[in-house]
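Dear colleague,

Please find below the structure I promised to pass on to you. My notes on what was found in it follow directly after.

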Amino acid sequence: MTASQSLHDESTSLDSTAHLMNRISSQLASQLSLVALDGRRRPTPPALVVVAHGSRDPRALSTVHALLERVRELRPGLPVRLGHIELNEPLLPDTLAALDTDEAVLVPLLLSRGYHVKRDIPEMAAESGVRTSVAKPLGPHPLLVEALYDRLMEAGWGETPGTAVVLAAAGSRDPESKVDTSRTAALLSDRLGVPVVPAYATTAAPTVPDAIKLLTARGHHRTAVASCFTAPGRFATECAAQAPWIASAPLGPHPAMARLLLHRYDQSLAARAVSTHLRGAGNCATSHRRPALAT
């Protein structure tokens, strides 16, 4: 073994040890956070319920489970559950019915606003006996762009004259969905330094082939397809097959996706706390004003 190989092996070993120690420290800190200063156990935090759409592709379910494992690694002690809108078990109502806590934050595993976020998920939550809040969808957000960027790098992205990107998303009739996807495309364009055009697998326009034609007409002859999908499925597969150059893999259990799920959870809890505080302050102010009005 050469000296350089020995140093490389030693460095790899140290990195592995450091990663293990970080995980142990994180788990210990999380467990200690569940204990108050007087030694009593703090209440269990509201459950994080990740709400996936559901897919007939078996790879989708395994991908989502892998993503949830990353979330659990980042936040040990937090109850993390999975519920589906359709197609896969457990369905969201069943997940909510089986919770060990009476509070939950529902974080859509969806990348833009739309009917599922605005109607399906809130209606399912309202029918349960659980106190719930529905977080924002995952996009647009810089962490989502980080995952999209890394997936393109893994696919072989390299910026040369004439390169561009089509951001392939599922599509929705809701105009706010297009607004969100366009914003994600703009953020990815800023990150890459090349044009990024949003396109859709269904319902909305343009389609991926039409977006590619548009970019070609503008002089971009090397176009990649960035898969704005959380997991493998029919839409992701069809969009990737239409790429004239490279196509990135679905986002899956990318570390940034796990951090983004937790960010939306924390964001929703913070908004709930502010809302509760404001309602309490309003009630208090009203109660203080009543005697004055009575006199």
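The protein exposes about 15,600 Å², of which 56% is supplied by carbon and sulfur atoms. Please bear in mind that this is a predicted model. Of the 295 residues in the protein, 41% are buried. The fold comprises nine helices and seven strands. Among contacts between residues at least 6 apart in sequence, 76% join residues at least 24 apart.

I turn next to the sheet. Four strands make up an open sheet with parallel pairing, in the order β2-β1-β3-β4. Its edges are held by β2 (80-84) and β4 (131-134); each has a single partner strand, so one side of each is left without a neighbour in the sheet. From one strand to the next, the twist averages 30 degrees. Strand β1 (residues 47-52) runs parallel to β2, and five bridges join the two. Within this pairing, Val50 has Leu82 of β2 as its bridge partner.

A helix accompanies these two strands. Helix α2 (residues 58-74) lies across β1 and β2 and runs at about 155 degrees to β2. The 17 residues of α2 reach 25 Å from the first C-alpha to the last, close to the 24 Å expected at 1.5 Å a residue.

Which residues of α2 are buried? They are Ala60, Thr63, Val64, Leu67, Leu68 and Val71. These residues cover an arc of only 140 degrees around the axis, which puts them on the same side of α2. In general, an α-helix has 3.6 residues a turn, so residues three or four places apart point the same way.

With kind regards

Technical notes. Residues are numbered from 1 along each chain as its sequence is written. This is a predicted model: local features need pLDDT of at least 70, side-chain atom pairs count only at pLDDT 80 or more; totals for chains, interfaces and linings use all residues. Side-chain values use heavy atoms; hydrogens and water are left out. Two strands pair if DSSP finds at least two bridges between them. Axes are lines fitted to C-alpha atoms, for helices over the stretch in contact, and angles run from 0 to 180 degrees between N-to-C directions. Contact means heavy atoms within 4.5 Å. The expected span of a helix is 1.5 Å times one less than its number of residues. Buried means under 20% relative accessible area, exposed over 50%, partly exposed in between (1.4 Å probe, protein chains only). The arc is that of the directions from the helix axis to the C-beta atoms. Accessible areas come from the Shrake-Rupley method with a 1.4 Å probe; for residues, only the protein chains shown count as cover.
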